[in-house]
Amino acid sequence: MGHNKNHQSDSDPNDQTNKRRRVAFSAVDFGVEAKDCIKIFLVSSKEEFHAPESFLLDPVDLNSFFDDEGKIYGYEGLKIAIWVSSVSFHAYADITFQSSSDRGKGVTDLKSALQTIFAETLVESKDEFLQTFSSDKDFVRTTISSGEVLKHKFFNGHTDDSNNRLANSATSDIEAVRMVVGNMATGHLYSRLIPLVLLLVDGSSPIDVIDPCWELYLIIQKETDLQGDIQYRLIGFTAVYRFYHYPDSSRLRLSQILVLPPYQHKGYGRYILEVLNEVAISENVFDLTVEEPLDHFQHVRACVDTSRLLRFDPIQHSVEVAVSLLKQGKLSKKTNNPRLTPPPSAVNDVRKILKINKKQFLQCWEVLIYLGLNPSDKHMDDFVSIISNRVKYDILGKDSGNSGKQVIEVPSDFDPETSFVMFRSEANEASTVLMDDNQRNQEEQLQKLVQERVKEIQLIAEKVTRHLKTLETAVN
């Protein structure tokens, strides 16, 4: 960790009045927010270290690591630059300031604060950090050597990005590797990743590295550089918990996922999901669930699962029946319009064969109906009434007179990218959309939720259609 204190001398040492006035003004220490004085870079080489601006990270909430609303006290002109190696995941911090003094709020212990994020990954000197690019260049390769390779493919992501690190490599392919937590190699790797988890995964806390029910699924890029050497790079990972399910099965719960920033928006998130779906089916687990995903993760998950369901024969008749009912029309005029939910047999088949749980299937079911209405324009009122009825049922329950509750959160618009980076793990969060006790406000809130859900369904349907067309073109 480097420190560089730059003293500024007085332009006129004889001007005592000016000096006193400056001292008087500097007596109040308003502090500086962590997010305004800290920059973090993810770099993969010495060259990137010396020109890091293209590799700036956008942390979820830097202020949360500092007391008093993220304020740092006791420094003038404070700047903190932190480099994290994407080769060995070591970190180095360079701290510079003009002066440091206690002006009533104390002096923030910066070393201690950075230790809470970076722990043992933080190295003392710039030279030591730069050395890791050669001394630890095989860290990923040696650490994952005890893992199980699940899937291997040549991956053709979007390579038109000027910062894309694949552009200069001769060849590149991708491996999905599973490592069970509890062995030393997995714990060692995950402990190096914890700083990135804390900085980039919203609301996350580290997993227990000695609990063998945890599994890490790693996406590894093997690229042959121009010298002919094979380099192993970690692109992303997910942490999955394996629960026992009576009598002789297990359930997989995805609890943490991160695609490293240089590789986002290139389809790797979808690839991680595909790997997990294949594991769930091949090992015949009961189902695969997700701990309360954020919007952009749920969006790509819905796209992946809807594509799978469109090709799943056992439910096609049920979808056709629901679509034909909807096409009969005038559902929006009926007082007791149906919710058109799938039959229990379809729910069971989907869970049993595709390992998609009921809650997720019901989300995708609405997209399947919308796709079945093609063209949907003339049936839109009836479709919206179906969604409205389902939303009311979910939020208000069978007794729609529930009241005395408050709206906590209304889902936001989905990110237009079919990519995701992270999600928060908080149990039962989805059940906290509660309603205002004023009837008119309640109607407006419901209407907004319905509009957003319809918009979301249309976006998923559009992307699924585009994705399937791409696949068909590739096959032909």
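Which residues line the largest cavity? In this predicted model, local features need pLDDT of at least 70 and side-chain atom pairs count only at pLDDT 80 or more, whereas totals for chains, interfaces and linings use all residues. Residues are numbered from 1 along each chain as its sequence is written, and side-chain values use heavy atoms, with hydrogens and water left out.

Two cavities of 30 Å³ or more were found in a search of the whole structure, a cavity being a set of points, on a 1 Å grid over the protein atoms alone, where a 1.4 Å probe fits but cannot get out. The largest cavity has a volume of about 80 Å³, a volume being the space filled by probe spheres set on the grid points, which are joined across faces, edges and corners. The largest cavity is lined by Leu 273, Asn 277, Leu 288, Val 290, Arg 301, Val 304, Asp 305, Arg 308, Lys 355, Ile 356 and Gln 360, lining residues having an atom within 4 Å of a point.

At least two residues of this lining come from each of helix H9 (268-282), strand S14 (288-290) and helix H10 (295-310), and H10 gives the most, with four residues. Because domain 2 (137-156 + 172-292) and domain 3 (313-425 + 437-475) both give residues to the lining of the largest cavity, the cavity lies between them.

The structure holds zero disulfides, a disulfide being a pair of cysteine sulfur atoms within 2.5 Å. Cys 37 counts as buried at 7% relative accessibility, while Cys 213, at 31%, counts as partly exposed (buried means under 20% relative accessible area, exposed over 50%, and partly exposed in between, with a 1.4 Å probe and protein chains only).

Definitions and conventions:
1 Å grid on protein atoms, 1.4 Å probe; cavity = no way out; pocket = protein on both sides within 12 Å on 5 of 7 lines; lining within 4 Å. Domains from an automatic or database assignment.
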